[in-house]
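Before you read on, please keep the sequence and the model open side by side. The points below are meant to be checked against them one at a time.

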Amino acid sequence: MVEREIAIKVNGNNWKVAVTRDYKLLLDKNGHICKGVTSYKNRTIFIDPRMPKESFLRVLRHELGHTYLYETQININDNFTEEDVCEFIAIYGDKIVSKAKSIYKKYISGVVFDNEGTKNL
(Lines give C-alpha, C1' and ligand atoms only; values in the text may rest on other atoms or scores of the structure.)
Protein backbone atom coordinates (compact mmCIF):
# COMPACT_ATOMS: atom_id res chain seq x y z
CA MET A 1 0.00 0.00 0.00
CA VAL A 2 1.27 3.47 -0.90
CA GLU A 3 0.61 6.02 1.83
CA ARG A 4 1.49 9.10 -0.15
CA GLU A 5 2.34 9.61 -3.82
CA ILE A 6 4.14 12.64 -5.17
CA ALA A 7 4.39 13.53 -8.87
CA ILE A 8 7.78 14.90 -9.95
CA LYS A 9 9.65 15.66 -13.17
CA VAL A 10 13.11 14.29 -13.87
CA ASN A 11 14.75 15.75 -16.97
CA GLY A 12 11.27 16.67 -18.22
CA ASN A 13 9.83 13.18 -17.71
CA ASN A 14 7.08 12.17 -15.28
CA TRP A 15 8.10 10.20 -12.20
CA LYS A 16 6.51 9.52 -8.82
CA VAL A 17 7.79 9.26 -5.29
CA ALA A 18 5.68 6.73 -3.38
CA VAL A 19 5.99 6.71 0.40
CA THR A 20 5.23 3.19 1.63
CA ARG A 21 5.81 0.79 4.49
CA ASP A 22 4.90 -2.18 2.27
CA TYR A 23 8.00 -4.35 2.22
CA LYS A 24 6.91 -5.94 -1.09
CA LEU A 25 7.34 -2.55 -2.78
CA LEU A 26 10.73 -2.06 -1.13
CA LEU A 27 12.40 -5.20 -2.50
CA ASP A 28 15.44 -4.75 -4.74
CA LYS A 29 16.12 -6.95 -7.76
CA ASN A 30 17.86 -9.49 -5.49
CA GLY A 31 14.89 -9.73 -3.11
CA HIS A 32 16.46 -7.69 -0.29
CA ILE A 33 14.29 -5.23 1.65
CA CYS A 34 15.62 -1.69 1.18
CA LYS A 35 14.85 1.77 2.52
CA GLY A 36 14.36 3.00 -1.03
CA VAL A 37 13.95 1.38 -4.45
CA THR A 38 13.73 2.91 -7.91
CA SER A 39 11.45 1.17 -10.40
CA TYR A 40 12.38 2.17 -13.94
CA LYS A 41 9.42 0.26 -15.37
CA ASN A 42 6.92 2.24 -13.25
CA ARG A 43 9.04 5.40 -13.14
CA THR A 44 8.55 5.39 -9.38
CA ILE A 45 10.77 5.81 -6.35
CA PHE A 46 9.44 3.75 -3.44
CA ILE A 47 10.68 5.00 -0.08
CA ASP A 48 10.10 3.81 3.47
CA PRO A 49 9.22 6.67 5.86
CA ARG A 50 10.42 4.84 8.97
CA MET A 51 13.71 6.65 9.40
CA PRO A 52 14.94 9.97 10.77
CA LYS A 53 14.70 13.05 8.53
CA GLU A 54 18.36 13.13 7.46
CA SER A 55 18.34 9.43 6.60
CA PHE A 56 15.12 9.88 4.62
CA LEU A 57 16.68 12.75 2.65
CA ARG A 58 19.87 10.76 2.01
CA VAL A 59 17.89 7.77 0.70
CA LEU A 60 15.72 10.08 -1.43
CA ARG A 61 18.83 11.76 -2.92
CA HIS A 62 20.31 8.31 -3.63
CA GLU A 63 17.15 7.15 -5.42
CA LEU A 64 16.89 10.44 -7.33
CA GLY A 65 20.45 9.75 -8.49
CA HIS A 66 19.21 6.53 -10.07
CA THR A 67 16.40 8.41 -11.85
CA TYR A 68 18.79 11.00 -13.28
CA LEU A 69 21.20 8.31 -14.45
CA TYR A 70 18.29 6.53 -16.15
CA GLU A 71 16.82 9.65 -17.75
CA THR A 72 20.18 10.88 -19.03
CA GLN A 73 20.94 7.39 -20.36
CA ILE A 74 24.39 7.46 -18.84
CA ASN A 75 25.82 3.97 -19.16
CA ILE A 76 27.46 2.75 -15.97
CA ASN A 77 29.99 0.08 -16.84
CA ASP A 78 33.59 -0.88 -16.09
CA ASN A 79 34.78 2.16 -18.07
CA PHE A 80 32.86 4.63 -15.88
CA THR A 81 35.64 6.58 -14.18
CA GLU A 82 36.05 8.88 -11.21
CA GLU A 83 35.98 11.76 -13.69
CA ASP A 84 32.61 10.55 -14.99
CA VAL A 85 31.21 10.45 -11.44
CA CYS A 86 32.49 13.96 -10.72
CA GLU A 87 31.05 15.27 -13.99
CA PHE A 88 27.66 13.72 -13.19
CA ILE A 89 27.72 15.38 -9.77
CA ALA A 90 28.75 18.71 -11.31
CA ILE A 91 25.86 18.61 -13.78
CA TYR A 92 23.08 17.01 -11.72
CA GLY A 93 24.13 17.24 -8.07
CA ASP A 94 22.40 20.56 -7.32
CA LYS A 95 19.23 19.42 -9.11
CA ILE A 96 19.10 16.20 -7.09
CA VAL A 97 19.70 17.93 -3.75
CA SER A 98 17.23 20.75 -4.40
CA LYS A 99 14.56 18.33 -5.68
CA ALA A 100 14.94 16.16 -2.56
CA LYS A 101 14.62 19.23 -0.31
CA SER A 102 11.59 20.44 -2.26
CA ILE A 103 9.85 17.07 -2.05
CA TYR A 104 10.53 16.91 1.67
CA LYS A 105 9.41 20.49 2.31
CA LYS A 106 6.21 20.28 0.25
CA TYR A 107 5.03 16.80 1.06
CA ILE A 108 6.83 15.33 4.03
CA SER A 109 7.68 18.20 6.40
CA GLY A 110 4.35 17.97 8.27
CA VAL A 111 5.26 14.44 9.24
CA VAL A 112 7.00 13.89 12.56
CA PHE A 113 10.25 11.93 12.21
CA ASP A 114 12.01 10.12 15.02
CA ASN A 115 14.29 7.09 15.29
CA GLU A 116 11.39 4.76 14.51
CA GLY A 117 10.37 6.84 11.52
CA THR A 118 7.23 8.78 10.88
CA LYS A 119 4.27 9.09 13.19
CA ASN A 120 1.71 10.96 11.10
CA LEU A 121 1.64 9.48 7.60
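1. Basis of the note. This is a predicted model, in which local features need pLDDT of at least 70 and side-chain atom pairs count only at pLDDT 80 or more, while totals for chains, interfaces and linings use all residues. Residues are numbered from 1 along each chain as its sequence is written, and side-chain values use heavy atoms, with hydrogens and water left out.

2. Overall fold. The protein has two helices and six strands, where helices (H or I, at least four residues) and strands (E, at least two) are DSSP runs numbered from the N terminus. Read from the N terminus on, the order of the elements is β-β-β-β-α-α-β-β. Of the 121 residues in the protein, 36% are buried; buried means under 20% relative accessible area, exposed means over 50%, and partly exposed lies in between, with a 1.4 Å probe and protein chains only. Among contacts (heavy atoms within 4.5 Å) with a separation of 6 or more, 55% come from residues 24 or more positions apart.

3. The helix pair. Helix 1 (residues 53–72) packs against helix 2 (residues 82–108) at an angle of about 130°, and their axes are 9 Å apart. The axes are lines fitted to C-alpha atoms, for helices over the stretch in contact, and the angles run from 0 to 180 degrees between N-to-C directions. The two helices are therefore oblique to each other, given that angles under 35 degrees count as roughly parallel, over 145 as roughly antiparallel, 65 to 115 as roughly perpendicular and the rest as oblique.

4. Residues between the helices. The contact involves residues of helix 1 including Phe56, Leu60, Leu64 and Tyr68, and residues of helix 2 including Tyr92, Ile96, Lys99 and Ile103. Sorted by class, the contact of helix 1 with helix 2 holds 14 nonpolar, two polar and four charged residues. In this scheme Ala, Val, Leu, Ile, Met, Phe, Trp, Tyr, Cys and Pro count as nonpolar, Asp, Glu, Lys and Arg as charged, and the others, Gly among them, as polar.

5. Aromatic pairs. The structure contains four aromatic pairs; rings of Phe, Tyr and Trp (its six-membered ring) pair if their centres lie within 6.5 Å, and planes under 30 degrees apart count as stacked, over 60 as edge-to-face and the rest as tilted. Tryptophan 15 and tyrosine 70 make an edge-to-face pair, at 6.0 Å centre to centre and with 80° between the planes. This pair links distant parts of the chain, since tryptophan 15 is in strand 2 (residues 13–20) and tyrosine 70 is in helix 1, 55 residues apart. Tryptophan 15 counts as buried at 2% relative accessibility, whereas tyrosine 70, at 36%, counts as partly exposed.

6. Tyrosine 68 in helix 1 and tyrosine 92 in helix 2 are 24 residues apart, and their pair links distant parts of the chain. Tyrosine 68 is buried, with a relative accessible area of 3%, and tyrosine 92 is buried with 14%. Trp15, Tyr40 and Tyr70 form one aromatic cluster.

7. Lysine 99. Which residues does lysine 99 touch, not counting residues up to four places away in sequence? They are Ile8, Lys9, Leu64 and Tyr68. Lysine 99 is in helix 2 and is buried, with a relative accessible area of 19%. Between lysine 99 and valine 10 there are 9.2 Å in space, C-alpha to C-alpha, although they are 89 residues apart in sequence.

8. Two positive phi values. Most residues other than glycine have a negative phi. Asparagine 11, in the loop between strand 1 (2–10) and strand 2, has a positive phi near 50°, and it is partly exposed with a relative accessible area of 36%. Arginine 43, in the loop between strand 3 (36–39) and strand 4 (44–47), has a positive phi of about 50° although it is not a glycine, and at 30% relative accessibility arginine 43 counts as partly exposed.
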